[in-house]
Every structure is written in structure tokens, then in C-alpha cells.
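This report describes strand pairing, sheet order, helix packing and nonpolar cores in one protein model. The sequence and structure come first.

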Amino acid sequence: MRVLLIEDDTALGAAIRDQIAADGHSVDWVVRLDRAADALSAAAYDLLLLDLMLPDGLGVPFLKALRGRGDVTPVMILTALDQVSDRIAGLNAGADDYMVKPFDLAELSARIGSVARRYTGNPNPIVTLGPLTIDLAARSVALGGKSVILTAREWVLFEAFLQRPGQLFSKSQLEERLYSFDTEIDSNAIEVHVSRLRKKLGAHVIETERGLGYRLARA
């Protein structure tokens, strides 16, 4: 997924960014709400991680304005505000999850996966695709019962296809999911990742529409 992290604590922000990047997601990190608004106008995100106390304002009004514009991007609140009233306000404003600092980074990864599955309409973490069995929660794949090891980027790319099995993804759309703004991307990076997935999971698991992009093959 492509994630926008809105967090002004530099130590915590760096730890969250590194955790999410290690999971294979692309992360854009901003420390102010105005910069978050700029980022949202420039790119499409799959998830927002939102602190509630930012240097230029509060997260709840920002979230309310986001939902008021019809933006349904999943939002997880990450905050030190731990009162029940704070949780209620955040969830009522349109948040999908609410985590109180300090939290375990592994739990954050698990919750990100859970929110993502809910939004793709498949809360079941087990997916079967022909001879492939995919555990979305464990981020694991088996081919004919034998485990297949995917790199973090290979997993995120494959997960993108699994989340929208009928959708044709252009090369640029896939690059947006894999890489943040400040990452230098090789011109053939997507082709290389798709080729490696085919070698590991089967030659026909991902179809190519020449000149248009890629989609998940029908089971």
C-alpha cells in the first residue's frame, strides 16, 4: 500500500516509517496538516496514519473535513490521547482504528493489514487462487502446499493484485504503491518484480495487457 504518515514526533515517526517500509509499503511522512493536505492533492493513498496533535492544528477537524469531502481513504489515529471521550471523538469523525501511544510496532503492522482487508471487502485472511493459498494476515504464500518466499516488495505488489482481482493496473499505479515520493525508481522496476512473481508463483498468475498494464489472472 501507499501510506501517508502524519506525525510530528521525529523519533516515533522514523520508527513507524521504517516499520511500514520493512513491511514493503511505500511511506510519505509529513509533520504538519498543511503538508498532509498537499500530499493528498498530489497522490492517491491507501491509508492515512494520523496523529491528533500537530503543530498547525488538530487531527479530528482535519479528519472531519476529509470525510466531508467524500474521501473514504482508511484512516488510523495514532495518539497519546487515551481518554474514552477522545476515542469516541476520533471514531465518530470517521477513523477506522485508534491506537494509543506507546504501542507495539508489530501490532501496528497487524492492524494496518486488518484495515486494508476490510476496505477491499475481504476480511477473510485466507485466499485461494488456483494452486496458490495465500494468508494475508501472515503475509505468506504456498504453491501446491509448499511455502514460497516473497520479498517485501514482491508481496506488496502481489497483494495489490489480490485486493482488486479484476482491475488493470498501469505501471505508474503500481509504482505509486511501491515507492514513496523521494525514492529513485529504475525504469524497469515493475517489470522485474512481475517477472520474479511469475517465476515463483506461476507463469500465468499475472496477465499483461500490452501497452496498458497488468492484472491478476483468473483462477
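## The β8–β9 hairpin

How many residues lie between β8 and β9 in the hairpin that they form? There are 2, and G130 in the turn has a positive phi of about 60°. The model is predicted: local features need pLDDT of at least 70, side-chain atom pairs count only at pLDDT 80 or more, and totals for chains, interfaces and linings use all residues. Residues are numbered from 1 along each chain as its sequence is written, and side-chain values use heavy atoms, with hydrogens and water left out.

Helices (H or I, at least four residues) and strands (E, at least two) are DSSP runs numbered from the N terminus. Two strands pair if DSSP finds at least two bridges between them; β8 and β9 have 4, in the antiparallel sense. T128 stands opposite T133 in β9.

## From β9 to β10

Strand β10 (residues 140–143) runs antiparallel to β9, joined to it by 4 bridges. I134 has V141 as its bridge partner in β10. This hairpin has 4 residues between its strands, and R139 in the turn has a positive phi of about 55°. On β9, L132 and I134 form a covered face, while T133 and D135 form an uncovered one.

## Nonpolar cores

A nonpolar core is a set of buried Ala, Val, Leu, Ile, Met, Phe, Trp, Tyr and Cys residues joined through side-chain atoms within 4.5 Å, where buried means under 20% relative accessible area (1.4 Å probe, protein chains only). The largest has 27 residues, and I134, F158 and L201 have the most contacts inside it. Elements giving two or more residues to this core include β8 (126–129), β9 (132–135) and α6 (152–163). The greatest contribution, 6 residues, is from α6. A second, separate core has 23 residues, among them V30, L33, L40 and L48.

## The parallel sheet

Five strands form an open sheet in the order β2-β1-β3-β6-β7, with parallel pairing. β2 (26–30) and β7 (97–100) are at the edges with a single partner strand each, so one side of each has no neighbour in the sheet.

Strand β1 (residues 2–6) is joined to β2 by 5 bridges, and L5 stands opposite W29 in β2.

## Packing of α7 and α8

Helices α7 and α8 pack at an angle of about 85°, with their axes 10 Å apart. Axes are lines fitted to C-alpha atoms, for helices over the stretch in contact (heavy atoms within 4.5 Å), and angles run from 0 to 180 degrees between N-to-C directions. α7 is therefore roughly perpendicular to α8, a term that covers 65 to 115 degrees. The contact involves K171, L174, E175 and L178 of α7 and I190, E191 and H193 of α8.

Methods
Buried < 20%, exposed > 50% of the residue type's maximum accessible area, 1.4 Å probe, protein only. Parallel < 35°, antiparallel > 145°, perpendicular 65-115°, else oblique.
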